[in-house]
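Visitor: I'd like to learn how to read a few features of a protein model. Could you walk me through them, starting with a pocket?

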Amino acid sequence: MDTLIEQAGFGDILEKVRAEERLSLEDGRRLFESNNILALGYLANIVRERKNGNQAFFIYNQHINYSNVCTNLCKFCAFGKEKGHEQAYEMTVEEVKDKVRERLDEPISEIHMVGGIHPDLPYSYYLDLLRGIKEVRPEVHIQAFTCVEIYHLAELAGKSVGETLEELKEAGLGSIPGGGAEVFSPRIRELTCERKLSGQGWLDVAKTAHRHGLNTNATLLYGHIETIGERLEHLDALRKTQDETGGFLAYIPLAFHPKNTEMSEHSRTTGMDDLKNVAVARLMLDNFPHIKAYWVMIGPKMAQVALSFGADDMDGTVKEEVITHMAGAETEQALGHKTLIRLIKEAGRVPVQRDTLYNVIETF
Ligand code: V47
């Protein structure tokens, strides 16, 4: 196997990986620029198996998008709509509770709930959403509101982010998903999402959440106009934040889907780039416990292969994915847990159903 690494010119990186030494941004650049995908996979798999052995995690979860009304209207997003748009919607608290009720017969352990930055829903609505879900399904873990939404809620409440998080926790919030990070680079934000909370703002909310005992995830939206340097700066910012707080659970590279967006001139990401984003993340984010291959965005087949290229988690059953499907995703809107188990087993890994905080529910 070392011949493979020698051919790729990664002997020095292999030594660092074996010695658990941190990779530099220059190492990351060389990895992204290489097309020797087997060498990348070999290196990433060392870290993957050191951290997670042969386990591959999945969760029984349900996605709910309470509203697509959004004042940010990011160019890469097909989900957000201006208030008054014919496709704009907002659910009442009762409608969200109905969504939860519809699936009470399924062993769902997590509700993943995000929405747009709504111009006039009151702060009390968000607290009522959390309380309402807990009324219907008291034991469920609610992973809700991206750091961008949390910042907006704090502004609505007229309180600090820390105080707001305490109130959300009290109402039922369990952890925070990784969306809204996009690419932290101010250049990318100016060109694609100028109204959105800045990259630094996103990181500050994540840090505050960690200090208040809430775990969060992190994402990168790749495959549009970002450079390799910008991807690596993004990973570096996450790695530094994790050094400070240790509060991130998983990193999820999100493959850009261009359809129905203002950036529809771009092509979909390729298999090589999807695998590279998983592998390089696994190698650079040495302090992140988990890397997710999100099957909704890269497809179940690529997610399965990604389990040998650094990923240890396939996300979950999802149920009714909307954000990626509005942008042209051709994957299913849900996967049965039996399908997830089969995909994982055929990848030579041990399927482990987990809860949100990676406690084992069942090993198959
Ligand atoms: O915040 C928006 C991104 C995110 C597009 O934390 C797009 O475990 C691709 O964050 N093409 C929502 N991506 C999804 C998300 C997520 C999903 C699964 C698990 C977790 C987790 C987080 O999707 C948005 C935005 O960054 N997005 N538009 C698009 N056209």
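Guide: Gladly, and keep in mind that this model is predicted.

Visitor: How much space lies in the largest pocket?

Guide: About 150 Å³. Of its 13 lining residues, the closest to the centre are Ile-298, Gly-299, Pro-300, Lys-301 and Met-302.

Visitor: Which elements give two or more residues to that lining?

Guide: They are helix 12 (271-284), helix 13 (295-306) and helix 15 (337-346). The largest share, 5 residues, comes from helix 13.

Visitor: Now a single residue, please. Is Thr-219 buried or exposed?

Guide: For this, look at the relative accessible area, where under 20% counts as buried. Thr-219 has 4%, so Thr-219 is buried. You will find Thr-219 in strand 6, which covers residues 216-222.

Visitor: What lies 2.5 Å from a polar atom of the Thr-219 side chain?

Guide: That is the backbone oxygen of Gly-178. Beyond its neighbours within four places in sequence, Thr-219 is also in contact with other residues, including Glu-182, His-234, Tyr-251 and Ile-252.

Visitor: Where is Ile-252 placed?

Guide: Ile-252 sits in strand 7, residues 248-255. With a relative accessible area of 7%, Ile-252 is buried too. Setting aside residues up to four places away in sequence, Ile-252 touches Asn-217, Ala-218, Thr-219, Leu-220, Lys-292 and Tyr-294.

Visitor: And how many Å separate the C-alpha atoms of Ile-252 and Ala-154?

Guide: The separation is 25 Å, for two residues 98 apart along the chain.

Key: Residues are numbered from 1 along each chain as its sequence is written. This is a predicted model: local features need pLDDT of at least 70, side-chain atom pairs count only at pLDDT 80 or more; totals for chains, interfaces and linings use all residues. Side-chain values use heavy atoms; hydrogens and water are left out. Helices (H or I, at least four residues) and strands (E, at least two) are DSSP runs, numbered from the N terminus. Buried means under 20% relative accessible area, exposed over 50%, partly exposed in between (1.4 Å probe, protein chains only). A polar contact is a pair of N or O atoms within 3.5 Å; within protein, one must be able to donate a hydrogen and the other to accept it, and residues adjacent in sequence count only if both atoms are side-chain atoms. Contact means heavy atoms within 4.5 Å. On a 1 Å grid over the protein atoms alone, a cavity is a set of points where a 1.4 Å probe fits but cannot get out, and a pocket is an open set with protein on both sides within 12 Å along at least five of seven lines; lining residues have an atom within 4 Å of a point. Grid points are joined across faces, edges and corners, and a volume is the space filled by probe spheres set on the points.
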